[in-house]
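Please open the structure in your viewer and keep the selection tool at hand.

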Amino acid sequence: MIYEITRLNLENGMDLILAHKRSIKLGELLNLSISCQTTFTTAISECCREVIEKDKNGILIVRIEGQKDKFYLTATVRYKDPGNNETAYNALNYARRLVNQLNIYVEDSFSNIELKINIPKTTKLSEKKIREVIEYFENEYPDTPYEEVKRKKEELDRIAAEQQEQLIRSVYINEKKTEFLSIASHELKTPLTTIKAFTQLALAEGDQCSEKVRMYLEKINLQSDKLNKLIQQLLDVSKVETGLMDFTMEEVAMNKYIENTVSLISKSIPSHMIEIDLPDNVTARIDKLRLEQVFSNILVNAAKYSPENSLIHVTTAVQPGNLLRVSIRDEGIGIAEQNIRKVFEKFFRVEEITRSYSGMGMGLYIASRIVAGHGGSMWIDSEVDKGSTFHFTIPILQ
Ligand code: ADP
């Protein structure tokens, strides 16, 4: 077992005093003999002095190692010493004579001087006692303003190091998740394409099977389309995250494009009436398929989150800054103020509706990125139980 007792950054002469003070205190708490306390403390001080004087910004770590009745006291002075790990020569020669063991080694590009003494059995050291000693140093009341500042700084350094580690970890996890998304969705797509192809082949030979079998095949076909759409969304999320979503832009007359696109999508939402009102005809450079995805997401949502037979209204207006604003209004459940921004976040779904409406919270995230990729923006006006209007802009050509 290894127990860390105390740790101290070695920056200046005050730290040397602190290192000395803490090692004496530790010797007392462990009931070491006076001679043992003195030799250990002197050896530590000599090594610390050497590192501080050479401006090495080191760390002193004092530990107890061992178990039952065989324990050692170790003090490691760790410092950055590019190219020469035996800088503290003078101190080492002296310290070597004072302790039972002295090791020098390099680890993670830090030089380490490790001093080790045996703790005599007569001290009757136990694990319980070690925990008391650790607690003493954790709660040690600072004697001087320097100690107080030092303690606070050490605490802040520790928190900063922890946060840095968490950050590195979360970046790593995020990268792995994106990689997983990409691989999983590709792997899912291949068998699904085969299922879909064979279902369509079987349907093409429809006259050779019963009405019941045909109905089953149609269900398989429909569900594979749904699954395909979800997988496509997963692929798009991973494309957004890896910056690989690309656009094939072309010049398009917007009124005709919007009419055709809305009319195509309206076939998949026969439960709703769609009204289109397009006053100005303008031209824009767009990726037709990607923008169709944006219309599809907003219109299908408009139908999904509003009562059957209610109205969905699509309109456009030219805005200052050479922008075409597209607005799609529904008469549905609306979105509460606090969730309006969040619905553009990846995988976000309004909690209250998750039981009643299926979905994965990817559509608006992808749609908003597609609009941003065109140089536009997306926002929502909404009132709970009254309805929502989704707006987005696209730059237009003069
Ligand atoms: P999904 O609909 O698959 O959950 P989206 O990203 O398309 O994912 O939408 C995210 C969330 O935004 C939805 O779960 C829903 O809570 C809310 N939302 C989207 N469109 C509307 C709408 N027209 N009316 C009310 N809420 C909506």
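The model is a predicted one.

Is proline 270 buried or exposed? Proline 270 counts as exposed because its relative accessibility is 69%, and the cut-off for exposed is over 50%.

**The domains**

Next, colour the chain by its domains. The assignment gives domain 1 (2-140), domain 2 (164-242) and domain 3 (250-395). Between the C-alpha centres of domain 1 and domain 3 there is a distance of 66 Å.

**The nonpolar cores**

Select Met254, Ile258, Leu291, Phe295, Leu299 and Phe392. These residues have the most contacts inside the largest nonpolar core, which comprises 48 residues. Which helix gives the most to this core? It is helix α8 (residues 288-304), with seven residues. Domain 2 (164-242) and domain 3 (250-395) each provide at least three residues of this core.

Remain with phenylalanine 392 and display its surroundings. Leaving out residues up to four places away in sequence, phenylalanine 392 touches several residues, including Leu291, Val294, Phe295 and Ile298. Also among its contacts are Arg325, Ser377 and Trp379.

**Alanine 19**

Move to helix α1 (residues 13-29), where alanine 19 is located. Alanine 19 counts as buried because its relative accessibility is 2%, and buried means under 20%. Apart from neighbours within four places in sequence, alanine 19 is in contact with Leu8, Cys48 and Leu60. Now select threonine 194 as well and draw a line between the two C-alpha atoms. The line spans 71 Å, for residues that are 175 apart along the chain.

Select lysine 150, which belongs to helix α5. Its relative accessible area is 5%, so lysine 150 is buried. Which residues does lysine 150 touch, not counting residues up to four places away in sequence? They are Leu8, Asn9, Glu11, Asp15 and Leu18.

Then select lysine 196, which is also found in helix α5. Lysine 196 counts as buried because its relative accessibility is 19%, a value to be set against the cut-off of under 20%. With residues up to four places away in sequence not counted, lysine 196 touches Asn221, Ser224 and Asp225.

**The second largest pocket**

Finally, select Glu4, Arg7, Glu154, Glu155 and Arg158. Of the 18 residues that line the second largest pocket, these are the closest to its centre. The space in this pocket is about 700 Å³. Its lining takes at least two residues from each of β1 (2-10), α4 (127-139) and α5 (145-204). The element that gives the most to the lining is α5, with eight residues. How do the lining residues divide into nonpolar, polar and charged? Five are nonpolar, two are polar and eleven are charged.

Technical notes
Residues numbered from 1 in each chain as written. Predicted model: local features only at pLDDT ≥ 70, side-chain atom pairs only at ≥ 80, totals over all residues. Heavy atoms only, no water. Core = buried A, V, L, I, M, F, W, Y, C linked by side-chain atoms within 4.5 Å. Buried < 20%, exposed > 50% of the residue type's maximum accessible area, 1.4 Å probe, protein only. Helix = DSSP H or I, 4+ residues; strand = E, 2+ residues; numbered from the N terminus. Domains from an automatic or database assignment. Contact = heavy atoms within 4.5 Å. 1 Å grid on protein atoms, 1.4 Å probe; cavity = no way out; pocket = protein on both sides within 12 Å on 5 of 7 lines; lining within 4 Å. Points joined across faces, edges and corners; volume = space filled by probe spheres on them. Nonpolar A, V, L, I, M, F, W, Y, C, P; charged D, E, K, R; others polar.
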